[in-house]
Amino acid sequence: MEHTHESAVLIAGPTASGKSALGLGLYDALLARGVRAAIVNCDAMQIYREIPILSAAPGVEDHAHAPHHLYGVLSVAQAGSAGRYLELIGPVLTQLRQDGVLPLIIGGTGLYFRSLTEGLAPTPPVPPALVDEGQAIINAEGAPALHARLRAIDPPMAERLEERDQLRVLRAWSVMQATGRSLGAWQAETVPGPLAGATLVKAALVPDRDWLYARCDARFDQMLDHGAWDEVQALADAGFDPRLPAMRALGVPQLIRALKGELTKGEAVETAQRETRRYAKRQLTWIRNQMISWESLDAQQMETSCDILLSKIDEMGLIP
């Protein structure tokens, strides 16, 4: 991306932590102070149009309340990625800047936030079959076994990774197998993100874990009440490849298994809720480890969080 953008507000947080509500509250507060803003998606699943319920995407009322961008812009059949996200958000940010509108970039996908601010390595796509092969090795022999294979073909990259770090080991091994080139070499060619050099207010919601888990469970029950079963039935009927990113969205694999009779509905819901809590825990870990310089906000105190953000925005001279 050649262009940079003058200013933006970034709000990250785990699933069910109240990011969307905070974004709308901040939008209203800014509007009251004469600042035009728009909400921009930074969630890997809310980008898909067929799963608005299970991805907890903003609803019709939210869209009527404030301008929203990059929600439901891809089909489940299209595999989203950090690279694709940067392609999509670039023109949006350019237009908002030209219009004098402050982007409120909100979501739970840490890699997308990092790509926005730090850039992205131009790694070519890896064939799904190769990823499946590596995952099969992990499933059969454990992550250290794949790490040993990585060490045999890419010692420097293996040295950088913990042997039990399944995701990163699998990524490094599959990239080396697919391209004949180390992931480290690809990463060395990282191009700047579209927000490089911008004035940024960066905040992350870090709620109490028990509070968050209770919210995760309650929200999943609400999704079921509001049509999640029908949403998943439509996905199953469409015959999408189960390896597509959206088909691995929280709740989708479990509810599909229930529809096929492989799980009872109760088992599917219980498993999906457990996976959601685990995902929220991983998101909190990412925030604590990867977003050290971000302002930490207490998700339980939304009004206070909004005031803190307004103060930060004002300090940076973004409020007239």
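**Aromatic contacts**

Author: Phe113, at 1% relative accessibility, counts as buried (buried is under 20% relative accessible area, exposed over 50%, partly exposed in between, with a 1.4 Å probe and protein chains only). The model is predicted, so that local features need pLDDT of at least 70 and side-chain atom pairs count only at pLDDT 80 or more, whereas totals for chains, interfaces and linings use all residues. Residues are numbered from 1 along each chain as its sequence is written, and side-chain values use heavy atoms, with hydrogens and water left out.

The structure contains 2 aromatic pairs (rings of Phe, Tyr and Trp, the last by its six-membered ring, with centres within 6.5 Å; planes under 30 degrees apart are stacked, over 60 edge-to-face, the rest tilted). In one of them, the ring centres of Tyr85 and Tyr112 lie 4.7 Å apart and the planes meet at 20°, so this pair is stacked. Tyr85 belongs to helix 3 and Tyr112 to helix 4, residues 110–118, so the contact ties together parts that are 27 residues apart in sequence (helices are DSSP runs of H or I with at least four residues, strands runs of E with at least two, numbered from the N terminus).

Phe113 and Trp294 form an edge-to-face pair, with 5.4 Å from centre to centre and 80° between the planes. Distant parts of the chain are linked by this pair, since Phe113 lies in helix 4 and Trp294 in the loop between helix 13 (265–290) and strand 6 (295–297), 181 residues apart. Trp294 has a relative accessible area of 9% and is therefore buried, while Phe113 is buried at 1%.

Arg181 is placed over the face of Trp186, 4.5 Å from the ring centre (NZ of Lys or CZ of Arg must be within 6 Å of the ring centre and within 35 degrees of the ring normal). Lys265 is likewise placed over the face of Trp229, at 4.6 Å from the ring centre.
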